[in-house]
Amino acid sequence: MTKPPLDILLCAPRGFCAGVVRAIDAVEKALAIHGAPVYVRHEIVHNKYVVENLRRKGAVFVRELDEVPDTDAPVIFSAHGVPKSVPDAAQARNLFAIDATCPLVTKVHREAQIHHKRGRHIILIGHAGHPEVIGTMGQLPQGAVTLVETVDDIARLQPEDPRNLAFVTQTTLSVDDTQDMVDALKARFPAIVGPHKEDICYATTNRQGAVKRVAPQVEAMIVVGSPNSSNSQRLREVAEREGCPLVRLILRAEDIDWSLFGSIRTLGITAGASAPEILVEEIIDAFAERYEVSVESVSTADESVFFPLPRELREQAAE
């Protein structure tokens, strides 16, 4: 049988960002220098394929430090960042801790700390329970940060001193939703102080921009990523908001429900910042088995950001 034609528009940029590359490289470099095991607190990035691949190489993923035995092996903190209590606990046990927090998340931590030192109460725009939010709130004493998730949360705020506030944001949010919340904060609290440079990271902004370009042009869109990946979920939401009739967040080709895609002639594909390109290629190959595929890349930004490895690994690699 002749395969039906399918035009695939491939979003660019997509997939790994500089912070994710740095975090994965940190685990692999630690394994190369020290051998297995290398302990990692939480998933190094939110992608099951990446985590399982590192586990096969000798990484041991734990939820909390009390699962790590007394050891000389490296203990790596994930790209999402951790509360201050975590490195303090590692130091108390003389663990060899390596912080793989994305530098753009660290920037938000430092902003929050500066605002706190200047006596401001901090409003954090983010999602409750996300590791990055837990890490940011954990930089400061309890009560110093108030989390808001919606515009309605902002309407309910009753700060002690409305003239002495600052806000920061999670780095992986929807650009549009976050702008609505920032506008609401500024409308309620005109004196509120924001970041010198927006907290939403370049990779989140760029990937959402590419989806905005492609989503209105296609009948269906696949976002390659894990369900627990915030930036991947936001890509799905952006595609839906831009009017794409069918949007699915999919980890691997084996997860595709082919009954949904039977009659389509145009398909958009993107990938969250923690999704490796090999999974994108796997999904394109799966469609190529069923359709006569043509692939066009739609680029909306060039990325050249690079973050060096954590200092401890750079020093050891040099030795």
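Mentor: A pocket is an open set of grid points with protein on both sides within 12 Å along at least five of seven lines. The model discussed here is predicted.

Trainee: Which element gives the most to the lining of the largest pocket?

Mentor: Three elements each supply at least two lining residues: β5 (96–99), α4 (103–117) and α11 (311–318). With 5 residues, the one that gives the most is α4.

Trainee: How many residues of the lining of the largest pocket are charged?

Mentor: The lining divides by class into 8 nonpolar and 6 polar residues, plus a charged group. The charged residues number 7.

Trainee: Which elements each supply at least two residues of the lining of the second largest pocket?

Mentor: This pocket has a volume of about 230 Å³. Of its 16 lining residues, R41, H42, E43, R63 and P131 lie nearest the centre. The elements that each supply at least two are β3 (59–62) and α5.

Trainee: Which residue does UniProt list for "active site", and in which helix does E132 lie?

Mentor: The UniProt entry, which is unreviewed, lists E132. The helix that holds E132 spans residues 131–137 and is α5.

Trainee: Is E132 buried or exposed?

Mentor: Beyond its neighbours within four places in sequence, E132 contacts H80, V105, T169, Q170, T171 and T172. Its relative accessibility is 3%, and buried means under 20%. E132 therefore counts as buried.

Note on methods: Residues are numbered from 1 along each chain as its sequence is written. This is a predicted model: local features need pLDDT of at least 70, side-chain atom pairs count only at pLDDT 80 or more; totals for chains, interfaces and linings use all residues. Side-chain values use heavy atoms; hydrogens and water are left out. UniProt positions are given in the numbering used here, feature names are shortened, and annotations may be inferred rather than shown by experiment. Helices (H or I, at least four residues) and strands (E, at least two) are DSSP runs, numbered from the N terminus. Buried means under 20% relative accessible area, exposed over 50%, partly exposed in between (1.4 Å probe, protein chains only). Contact means heavy atoms within 4.5 Å. Ala, Val, Leu, Ile, Met, Phe, Trp, Tyr, Cys and Pro count as nonpolar, Asp, Glu, Lys and Arg as charged, and the others, Gly among them, as polar. On a 1 Å grid over the protein atoms alone, a cavity is a set of points where a 1.4 Å probe fits but cannot get out, and a pocket is an open set with protein on both sides within 12 Å along at least five of seven lines; lining residues have an atom within 4 Å of a point. Grid points are joined across faces, edges and corners, and a volume is the space filled by probe spheres set on the points.
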